[in-house]
Amino acid sequence: FNRKRLRMKSNTSDFYIVIIPIVILVCLAWTYLFVFSNEMDMDMSSMDMSSMSMNNDMNMESQDMDMNNEMDMDMSTMDMNNDMNIESLNKFSLFAMPMNGNWTVNDFIVMNLMWIIMMFAMMFPSSLMFLFLFYSMRRNMAIVKNPKSEIVLLSLMYFSIWTLFSITACYLQYIFHNYSVVNMMGAYTSNKAAAITLIGAGLFQFSSFKDACLEKCRNPLAFIMGTKINSKFDVLKIGLLHGLYCLGCCWALMLILFVNGVMNMLWVVILTIAVLSEKIIPFEKLTSRFFGLILVFWGSYLIFI
């Protein structure tokens, strides 16, 4: 009995050795997002203040100078301010969303990093149940020598799937940005585009594809037991398949980030709660149907206002 108890304690501690770093990384990811959001708000405020200051200077100068001198000074002031703004916006920072019209290589790096960290922060909390169940099954099998390494492999495959999605979403934002479909904050510039996205995501909540993917996410035990695991390759395969099911379940919800802004932190938190509740609230399809109705009604409302 004592040996069994010691073994259970050892297995539990091994699991926490793997899971605790993941939880810490998720917390760090959320910290980054909040810092990123605050820095972005400060940049927008400074741009507004700079614009107001420039306008005030122009008004004061217009009272003391002739028309010709006023034009020269105004143009010089505007050029200096524009040069300063462009220089400040082009500085590389891991916490700065691109504010100008054209994205540079630095902007792509920052935005890709932001999307990857955001997807990690939003999606990994819902994967902890899958990792826990997988470890619980594998730790007591005699053929399994190192269940911790299998958890790491699963996490890496899961992370890889969402990294690819993040890169795709970032490129989509770049295209939208170039064609003025979204503004500098990553939010749609027209109600029509927002309405189409919301209605499309809402209808997707009622699709059989959504149901099939959500079933795998809500019942990972059945998914794990239905797959043979004879090697590390099989573990990678399970991680890949479950990551794809998770992506298939949630991709439409992730795209509605463009409705209120990619870095609207309140919106990011709401979507994270929605994704998590779909997978843990014990009402099967009712939760996803409820969200689907909200999205369809919201999109319909935007069409008619």
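Trainee: How much space lies in the largest cavity?
Mentor: About 30 Å³ of space lies in the largest cavity of this predicted model. A cavity is a set of points, on a 1 Å grid over the protein atoms alone, where a 1.4 Å probe fits but cannot get out. Its volume is the space filled by probe spheres set on the points, which are joined across faces, edges and corners.

Trainee: How many cavities of 30 Å³ or more does the structure hold?
Mentor: The structure holds one.

Trainee: Which residues line the largest cavity?
Mentor: The lining consists of I116, M119, F120, M123, F124, F159, W162 and T163; lining residues have an atom within 4 Å of a point. Seven of them are nonpolar, one is polar and none is charged. Here Ala, Val, Leu, Ile, Met, Phe, Trp, Tyr, Cys and Pro count as nonpolar, Asp, Glu, Lys and Arg as charged, and the others, Gly among them, as polar.

Trainee: And which helix gives the most to that lining?
Mentor: Helix α3 does, with five residues. Both α3 and α4 supply at least two residues each. Helices are DSSP runs of H or I with at least four residues, strands are runs of E with at least two, and both are numbered from the N terminus.

Trainee: What does the secondary structure come to overall?
Mentor: The protein has 11 helices and zero strands.

Trainee: Before we go on, what conventions apply to the model?
Mentor: Residues are numbered from 1 along each chain as its sequence is written, and side-chain values use heavy atoms, with hydrogens and water left out. As the model is predicted, local features need pLDDT of at least 70 and side-chain atom pairs count only at pLDDT 80 or more, while totals for chains, interfaces and linings use all residues.

Trainee: Which residues touch the most other members of the largest nonpolar core?
Mentor: They are W115, M118 and W162, in a core of 71 residues. Helix α3 provides the largest share of this core, 16 residues. Such a core is a set of buried Ala, Val, Leu, Ile, Met, Phe, Trp, Tyr and Cys residues joined through side-chain atoms within 4.5 Å. Buried means under 20% relative accessible area, with a 1.4 Å probe and protein chains only.

Trainee: What does M118 touch?
Mentor: Leaving out residues up to four places away in sequence, M118 touches L33, L257, V262, M263 and V268. A contact means heavy atoms within 4.5 Å.

Trainee: Let us turn to V235. Is V235 buried or exposed?
Mentor: V235 is buried, with a relative accessible area of 0%. It is found in helix α8 (residues 232–255). V235 touches F134, E150, L153, L154 and I229, again not counting residues up to four places away in sequence. V235 and L154 are 81 residues apart in sequence, and 6.7 Å separates their C-alpha atoms.

Methods: On a 1 Å grid over the protein atoms alone, a cavity is a set of points where a 1.4 Å probe fits but cannot get out, and a pocket is an open set with protein on both sides within 12 Å along at least five of seven lines; lining residues have an atom within 4 Å of a point. Buried means under 20% relative accessible area, exposed over 50%, partly exposed in between (1.4 Å probe, protein chains only).
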